[in-house]
Each structure stands twice: as C-alpha cells, then as structure tokens.
Amino acid sequence: MSAETSAAPGQFTRRRLQFRAWRGTRPFWAGLFVLLGGFPIMYFPYAHIKLGHLTLAMSTTAGAGSLIIGVLLVVLGISLWFQMHIRTFAGVAAILLALVSLPVSNFGGFIIGFLFSMIGGAMAVSWAPGVEPEPQPAQEDGTAAGGAPEGAVTEGEGSSPADGGPQSEGPLLGKDNEGPLLRKDIDPVGASNDLSGTSPANGANGRHSAG
C-alpha cells in the first residue's frame with residue numbers, strides 16, 4: 001500500500017470540512033433549490049415523450065419564454081452562492097419567475113420547477129448571515145490561589161492560640177524559641193478564663209448571681 005493511498009481518507013475529510021465551512025457562510029440550499037427549479041421549466045417545453053410508436057411533443061409557442069425563465073433561475077441560483085449581498089433581490093426574482101412559469105411553461109415544469117423555485121426564493125429572502133458569539137468573561141468560581149475556597153484558613157494563618165485558631169501540634173515556644181510558651185504568656189495579665197461568671201474574682205463566691 002502506497003503513502004498516497006493512506007493519505008486519501010485524510011484529504012477527503014479535509015475537503016469535506018472545507019466545503020462545509022464554505023456552505024455555512026452563504027445561502028447554499030436556497031441557491032440549490034432555485035438552480036434545480038430552472039431545469040424542468042426550460043426542459044419540458046422542448047422535451048419529446050415516446051409512448052411506443054407515438055411521440056408527444058411538449059413544445060409550445062411559449063418555448064422561448066420557458067427557456068429564458070429557466071436560464072434566469074439557474075443564473076440566480078449560482079449568484080446566491082457567490083454573491084450573498086443580492087440574496088433578497090435574487091429571492092424575490094426567483095419567486096416572481098416561478099409564478100410567471102405557471103401560465104408560460106406547462107404549469108411551471110409540471111409544478112416541479114415551480115415548487116423548487118418558490119421554496120428556494122423564500123429561503124433566500126429569509127436567510128441571514130450568522131453572527132459570531134461574543135467572548136464571555138471568565139467567571140470567578142470563588143476559589144482562592146492554589147484551588148482553596150475563599151475564606152478557608154490556609155496553613156500558617158490563624159493557627160496560633162492567641163488568634164483563636166486551632167492549636168498546632170507540639171509545645172508552643174516563647175519569643176526567640178527560648179522555651180515552652182506558658183499559659184500566662186498567652187492570656188492577658190489579670191484576665192480571668194472563667195466564662196461562667198462564678199469565680200471569686202467576679203464576686204459571686206462560686207454561685208450564680210440572682211437576677
């Protein structure tokens with residue numbers, strides 16, 4: 001197996017993606033419907049149907065008019081692919097030509113060309129180029145640096161007993177690491193640790209004060 005054979009699927013995929021991108025920037029399907037609508041309108045007036053040994057000529061005195069209408073529809077369909085700024089004019093013109101083809105070209109190419117042209121013209125008028133979405137600003141997820149939630153106590157913050165944080169493991173050291181930090185060094189001088197209000201210093205003599 002050659003290298004060219006193995007590269008063929010990748011090249012086909014790249015071409016398909018390029019065609020999809022090109023198709024998405026223009027009224028592709030509107031132009032295709034208008035283009036297809038022009039062929040039966042200009043074909044049937046010049047067609048001959050054979051039923052055994054019997055030949056039916058479909059040509060009429062308005063054959064030239066049918067040919068002109070069909071050619072104009074084909075031109076409008078191609079113009080919708082390469083000239084997107086005339087989509088409104090091309091769509092309205094395709095609808096008018098489809099209506100004119102009813103009495104001129106065998107009921108609009110036996111209704112086939114009429115329907116294709118009408119649908120394609122309506123799609124061309126209603127088509128609008130897409131607008132790229134504006135970039136959205138990054139939303140704050142409420143996390144601090146390092147992935148920690150905001151307000152969370154990180155290591156080293158609020159961990160000393162004097163700040164009311166959780167006590168760290170091991171003995172507490174005094175200033176300049178001279179020895180264990182005593183309880184009296186932590187609490188203010190003369191402050192009472194009894195929160196019940198029953199200490200002798202509060203004048204309650206071990207009992208709650210009444211009222």
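**Close-up views of a predicted model**

**View 1. Ser-101, a buried residue of helix α4.** Ser-101 has a relative accessible area of 0% and is therefore buried (under 20% relative accessible area; exposed is over 50%, partly exposed in between; 1.4 Å probe, protein chains only). Ser-101 belongs to helix α4 (helices are DSSP runs of H or I with at least four residues, numbered from the N terminus). Residues up to four places away in sequence aside, Ser-101 touches Ile-41, Ile-69, Asn-106, Phe-107 and Gly-108 (contact: heavy atoms within 4.5 Å). This is a predicted model, in which local features need pLDDT of at least 70, side-chain atom pairs count only at pLDDT 80 or more, and totals for chains, interfaces and linings use all residues. Residues are numbered from 1 along each chain as its sequence is written, and side-chain values use heavy atoms, without hydrogens and water.

**View 2. Contacts of Ile-69.** Beyond its neighbours within four places in sequence, Ile-69 contacts Ser-101 together with Ile-41, Leu-97, Val-100 and Val-104.

**View 3. Nonpolar cores.** The largest nonpolar core has twelve residues, among them Ile-41, Ile-69, Leu-73 and Leu-97 (a core is a set of buried Ala, Val, Leu, Ile, Met, Phe, Trp, Tyr and Cys residues joined through side-chain atoms within 4.5 Å). Helices α2 (28-43), α3 (63-82) and α4 (87-104) each give two or more residues to this core. A second, separate core of five residues includes Phe-28, Leu-35, Val-74 and Trp-81.

**View 4. Gly-24 and Gly-130.** Gly-24 lies in helix α1 (residues 3-24) and counts as exposed because its relative accessibility is 56%. The C-alpha atoms of Gly-24 and Gly-130 are 8.7 Å apart in space, while the two residues are 106 residues apart in sequence.
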